[in-house]
Amino acid sequence: MSELNKRQDEIVEEFSVFDDWMDRYSFLIDLGKDVPEIAEELKTDRTLIKGCQSRVWLNADLVDGLVEFQADSDAIITKGIIALLVRVVSGLSPKEIMEGDLYFIDKIGLKENLSPTRSNGLVSMIKQIKMYALAYYTKMNS
Amino acid sequence: MTIDVNKIREDFPILKEKIYGKPLVYFDNAATTQKPQVVIDKLIEVYTKYNSNIHRGVHYMSNKATTETENARNIIQKFINAKHSYEIIFARGATEGINLIAYSFAEKHLKEGDEIIVSELEHHSNMVPWKMVAERKRANVIKWAFNDNGDLELDELKKLITPKTKLIAVNHVSNSLGTINPVKEIIEIAHQNNIQILIDGAQAVQHIKVDVQALDCDYYVFSAHKIYGPTGIGVVYGKEALLDELPPYQGGGEMIESVSFEEITYNKLPFKFEAGTPNYADTIAFAEAIKYVSAIGIDNIAAYEAELLAYGEEKLKTIPGLKIIGTAKHKASVISFNIDGLHSYDVGMILDKMGIAVRTGTHCTEPIMLRYGISGTVRASFAFYNTKEEIDLLYKGLLKVVEMFA
């Protein structure tokens, strides 16, 4: 099993103890409060992913052939989901991130957060994660 | 007559829906309203009994559909007290209606350096079309700013008027703050200065009795779906003499008198502005919605909604950290608010899980959010089928939200 899927399954496991939506969202809110915020100087137009409602900032650096992500949002629930996403993809190779299928959000019952109508920037954030991976993959192999 | 809300709720089948297993509390009425059974039935009737393309048909069903559509026009004429039924033009909605007037008005009247005054309270739909035509004609859109409470001040308007001002565009009721604007006075000021005026009534007709002749407004637009009618249909009212001056907006069927490759002559009002097969099915059902609200009485609806608004504001104000955005002198049943330290999206997400539908974000009024320096608000907007018990559920829901994020 890939490291990416191992991490996703861990999260699915953690969420399996929650019976209802309130527990799940309370957990997300706690995560959202804890997530290491992106450095203020990295919160620029370059890293901003504009959603209609909540704003998301995403930065990625290539460190020793692995992609390190930092992210933040002005909405706490969005930030909680971001924390999970960063935990899943950060520190993996560009190739693994590019080819990986991010199934955990659906499995932990947060799929509605990925609906395009939610306009919370998460759909764009996932696209942007893949774009960073592709860019670093191309850079490493050129 | 007072509102028998339990009886009214029976007329709206969707209100019986459960959301995540909880009873639906629908407080997103400023975005769209729910439909009474009579409107739904009428749509079914059109499609099952006499669906047929209207005007110029020779057969029974086409005649029937045409009669029903033109009858709908008459009902809407009476509803807003227009002088003539041909002053009622059907469009897809208020947005298309404003685009129609903006385009045609600019073609006829707007020259380089001219000015259009647009209030800062507008929905993007009553701002972007004016910016677009202004850009095309090298004219300027002038902002009429509102004050801290969310009220427009008439003295400010007077200062903005110049000999170059050609039109004023303002809403009757603000969709994000609920402000009811003094449109009668605004129209008077416009006319004293020989300026035409468009009123966006999308948030007004469902709450306030509108009489376009008493107001003396030049153009008035609104959408069916915000007054319990179907989506995809709306109204542009314009004074006959003004509409006659304007060139058509779109070309196609219906809007022509005769066509050759050498010359096209346009049809008379209202058809000049109704290119293509009209949305007759929704138009016919729209008239049912108007009949429905008229039978209850807009004044009764307004009185009941005012009660809901007062109750809701009192209740919500007691929630720690909650701040109501928009405290205009006169308000429609809209409460926009924020809770200290919470993003509107977070509040809306948690309320949704409790079956409570509110709107969050900028409500297509980014200039208002910029003015207040906020990223958005939570907006609860009430209709006459809502109840105080539902407001209690919102109140309890918000207390839960505060607790969850504490």
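Ala72(B) is buried, with a relative accessible area of 0%, where buried means under 20% relative accessible area, exposed means over 50%, and partly exposed lies in between (1.4 Å probe, protein chains only). This is a predicted model, in which local features need pLDDT of at least 70 and side-chain atom pairs count only at pLDDT 80 or more, while totals for chains, interfaces and linings use all residues. Residues are numbered from 1 along each chain as its sequence is written, chains are lettered from A and ligands numbered from 1 in the order in which they are written, and side-chain values use heavy atoms, with hydrogens and water left out.

Ala72(B) belongs to helix 3 (residues 60-80) of chain B, helices (H or I, at least four residues) and strands (E, at least two) being DSSP runs numbered from the N terminus. When residues up to four places away in sequence are not counted, Ala72(B) touches Phe90(B), Thr283(B), Ile284(B) and Ala287(B), contact meaning heavy atoms within 4.5 Å. The C-alpha atom of Ala72(B) is separated by 36 Å from that of Trp144(B), which stands 72 residues apart from Ala72(B) along the chain.

Chain B is divided by the domain assignment into domain 1 (5-30 + 297-405) and domain 2 (40-294), with bounds that come from an automatic or database domain assignment. The C-alpha centres of these two domains of chain B are 28 Å apart, and 36 residues of domain 1 are in contact with 32 residues of domain 2. Between them the two domains of chain B bury about 2,800 Å², 55% of it on carbon and sulfur atoms; buried area is the accessible area (1.4 Å probe) that two parts lose on being put together, summed over both. Of the area that domain 1 of chain B buries against domain 2 of chain B, 22% is supplied by Ile298(B), Ile368(B) and Arg371(B), more than by any other three residues.

One salt bridge is counted between domain 1 and domain 2 of chain B, a salt bridge being a side-chain nitrogen of Lys or Arg within 4 Å of a carboxyl oxygen of Asp or Glu. Asp148(B) and Arg371(B) form a salt bridge in which the closest N and O atoms are 2.8 Å apart. Asn147(B) is buried, with a relative accessible area of 19%, and, leaving aside its neighbours within four places in sequence, Asn147(B) is in contact with Glu153(B), Arg371(B) and Tyr372(B). The side chain of Asn147(B) also reaches the backbone nitrogen of Asn149(B) at 3.0 Å.The area buried between chain A and chain B is about 1,600 Å², of which carbon and sulfur atoms give 62%, and the contact takes 17 residues from chain A and 16 residues from chain B. Zero salt bridges are counted between chain A and chain B. The elements that give two or more residues to the side of chain A that touches chain B are helix 2 (21-34) and helix 3 (76-89) of chain A, and helix 2 of chain A contributes the largest share, six residues.

Over all chains, the structure holds 36 salt bridges. One of them is formed by Glu10(A) and Arg87(A), whose closest N and O atoms are 3.6 Å apart; this pair links distant parts of the chain, with Glu10(A) in helix 1 (residues 3-15) and Arg87(A) in helix 3 of chain A, 77 residues apart. Glu10(A) is partly exposed, with a relative accessible area of 38%, and Arg87(A) is partly exposed at 32%.

In chain B, Glu390(B) forms a salt bridge with Arg9(B), the closest N and O atoms being 3.4 Å apart. Glu390(B) lies in helix 14 (residues 388-405) and Arg9(B) in helix 1 (residues 5-10) of chain B, 381 residues apart. Glu390(B) is buried, with a relative accessible area of 5%, and Arg9(B) likewise counts as buried, at 18% relative accessibility.

Methods:
A polar contact is a pair of N or O atoms within 3.5 Å; within protein, one must be able to donate a hydrogen and the other to accept it, and residues adjacent in sequence count only if both atoms are side-chain atoms.
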